[in-house]
Amino acid sequence: MYSIEKDSTGKVLDGPVRVKAVILSSGSAAASAIFDDSTDGSGDKKITIKQPTNNDSRVVYFGERGISFVSGVYLTLTGTGAVCDIIYE
């Protein structure tokens with residue numbers, strides 16, 4: 001397994017890939033992370049995670065098989081100071 005940290009909207013990975021877990025940390029504003037099966041944000045939404053404002057983290061584990069992305073992984077990240085860690089293989 002591998003991990004990558006993102007603090008802005010954009011392409012995360014080229015596919016195919018399986019996302020096994022996501023850690024979303026909010027900053028001074030509520031955070032959200034939306035993952036599309038694409039490299040440019042035009043694909044099907046596969047994952048949506050929200051975290052309230054409290055400078056805390058939400059860990060979401062998708063099981064041993066994870067969530068399959070065929071084309072790639074594109075992240076739309078909102079919230080001032082938000083950070084998202086993606087664990088994949």
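**Stop 1: a charge over a ring**

Start by selecting K46 and F69 and showing their side chains. In this predicted model, the charged end of K46 lies over the ring of F69, at 5.9 Å from the ring's centre. While you are looking at rings, keep in mind that the structure contains 1 aromatic pair.

**Stop 2: the whole chain**

Now zoom out and switch to a cartoon view. How many helices and strands can you count? There are 0 helices and 9 strands. Turn the model around: along its principal axes, the C-alpha trace spans about 35 × 25 × 20 Å.

Of the 89 residues, 40% are buried.

**Stop 3: S3 in strand β1**

Select S3, which you will find in strand β1, residues 2-6. Is S3 buried or exposed? S3 is exposed, because its relative accessible area is 56% and the cut-off for exposed is over 50%.

S3 and E89 are 86 residues apart in sequence, yet their C-alpha atoms are 8.5 Å apart in space. Leaving out neighbours within four places in sequence, S3 is in contact with I86, I87 and Y88. For the protein as a whole, consider the contacts with a separation of 6 or more: 78% of them join residues 24 or more positions apart.

**Stop 4: the largest nonpolar core**

Hide the surface and head inside. In soluble globular proteins, nonpolar side chains tend to be buried together. Here, the largest nonpolar core has 19 residues. Which of its residues touch the most other members? Select F35, V73 and C84 to see them.

At least two residues come from each of β2 (10-14), β3 (17-25), β4 (31-36), β5 (45-51), β8 (72-78) and β9 (83-88). The strand that gives the most is β3, with 4 residues.

**Stop 5: around V73**

Apart from its neighbours within four places in sequence, V73 is in contact with K11, V12, L13, V17, V19, F35, D36 and S38.

Note on methods. Residues are numbered from 1 along each chain as its sequence is written. This is a predicted model: local features need pLDDT of at least 70, side-chain atom pairs count only at pLDDT 80 or more; totals for chains, interfaces and linings use all residues. Side-chain values use heavy atoms; hydrogens and water are left out. Rings of Phe, Tyr and Trp (its six-membered ring) pair if their centres lie within 6.5 Å; planes under 30 degrees apart count as stacked, over 60 as edge-to-face and the rest as tilted. A charge sits over a ring if NZ of Lys or CZ of Arg is within 6 Å of the ring centre and within 35 degrees of the ring normal. Buried means under 20% relative accessible area, exposed over 50%, partly exposed in between (1.4 Å probe, protein chains only). Contact means heavy atoms within 4.5 Å. A nonpolar core is a set of buried Ala, Val, Leu, Ile, Met, Phe, Trp, Tyr and Cys residues joined through side-chain atoms within 4.5 Å.
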